[in-house]
Amino acid sequence: PPLFLPQELINRHLITMAQIDHSENPDVPSEVDSYHSLFPLEPLPPPNRMQKTSNFSYITSCYKAVNSKDDLPYCLRRIHALVFSYDFHAGAETMFSRHFNDPAADSYFTKRKWGQHEPPPPRQHAGLLPESLIWAYIVQLSSALRTIHTAGLACRVMDPSKILITGKTRLRVNCVGVFDVLTFDNSQTNHLALMPQYQQADLVSLGKVVLALACNSLAGIQRENLQKAMELVSINYSSDLKNLILYLLTEQSRLRSVNDIMPMIGARFYTQLDASQMRNDVIEEDLAKEVQNGRLFRLLAKLGTINERPEFQKDPTWSETGDRYLLKLFRDHLFHQVTEAGAPWIDLSHIVSCLNKLDAGVPEKISLVSRDEKSVLVVTYSDLKRCFDSTFQELQAAASGSL
């Protein structure tokens, strides 16, 4: 299917640029260490809340923030006492929210009252996920574990609430390293001694994730439902998928390795490789057309139609009053700044950054100085965006004869 990549990228960009109004969110700090512009990615825990999350047994919260050292966005996971910094993926959702957020999906496994009929088992494409999607996830998750285990480490957070999905099927494991810090024991001399045990636990966790996906229900991985869940897998999916789940969930006399499941994946690996390469081709093609230049060009083109318009609606001062005057000062702020010595100050990154903020309408404030330097106007980019949009719509209406 065709990818609506440009729109997807613009949406991600707007999410990346998102800022909050601190006057309405006083609990969010303006800075944390070298990070600023914090933006909550999850609903914030209410003050004095004692409830702890199921994953880490601590109160947690999550923010997007910009690092002042490299000016890039990051995801900050706060365990209330510590802050972990991760790569930020705009628009990502968890596997839990994408696939396990429907309470009705658990109905096949929930206990029924005496006399109630058991519902028919769900089927592929009618309540269950297509097997090709599950294998796409298996290839990515096992690849992540293989990388981690090869480094002599363990993941320890292979859980649907901590697996991120971007786009249609791209997976990333979130919150790695949190347990290593939370459970660090200074008295232990060999910190890697328990790593083989943790790696085995990773494989069990992977098995549970795959089984939950195959049942389309987290209830299916509860101990009392395992037999019923495996029967569902046998009816609906290939023996390879069933054997993979059994291998991961069954205790073995020898240590298991994530490499052991490769024969069960088999030629399906090539399907994922082909899909990945095709996606790369599409992305490169779209990237060549778009990048960000078209969007910023349209902004500049609209700004050019407004600034210094000699006369409009028989008003010779139209460009010098009201909203248009603010936009004229913004144009000067973009292009006409000078150094203390009076030389032109030209910085392309300043122009691009300001235009991006205008496009996103962020609540950040900006000082606009009149040409005679006698007055300074402090406005937000969201104010400027409102002026910009309404003024251009006024021009458009006149151009089409509807004004």
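Predicted model: local features only at pLDDT ≥ 70, side-chain atom pairs only at ≥ 80, totals over all residues.
## Helix α13

Let's start with α13, which covers residues 381-399, 19 residues in total. From first C-alpha to last, the helix reaches 27 Å, close to the 27 Å expected at 1.5 Å a residue.

## Salt bridges between two residues

The whole structure holds 15 salt bridges. In one of them, glutamate 93 meets arginine 98 at 2.7 Å, N to O. Glutamate 93 is partly exposed at 29% relative accessibility, and arginine 98 is partly exposed at 28%.

Another joins the side chains of arginine 156 and aspartate 180, at 3.5 Å from N to O. This pair links distant parts of the chain, 24 residues apart: arginine 156 sits in the loop between α3 (131-150) and β9 (163-166), and aspartate 180 in helix α4 (residues 178-182).

Aspartate 240 and arginine 268 also pair up, at 3.2 Å from N to O. Because aspartate 240 lies in α7 (residues 239-249) and arginine 268 in α9 (residues 268-289), the pair ties together parts 28 residues apart in sequence. Aspartate 240 is partly exposed, at 28% relative accessible area, and so is arginine 268, at 24%.

## A salt-bridge network

Finally, have a look at Glu308, Arg331, Asp332 and Arg371, which salt bridges link into a network.

Notes
Residues numbered from 1 in each chain as written. Heavy atoms only, no water. Helix = DSSP H or I, 4+ residues; strand = E, 2+ residues; numbered from the N terminus. Expected span 1.5 Å × (residues − 1). Salt bridge = Lys/Arg side-chain N within 4 Å of Asp/Glu carboxyl O. Buried < 20%, exposed > 50% of the residue type's maximum accessible area, 1.4 Å probe, protein only.
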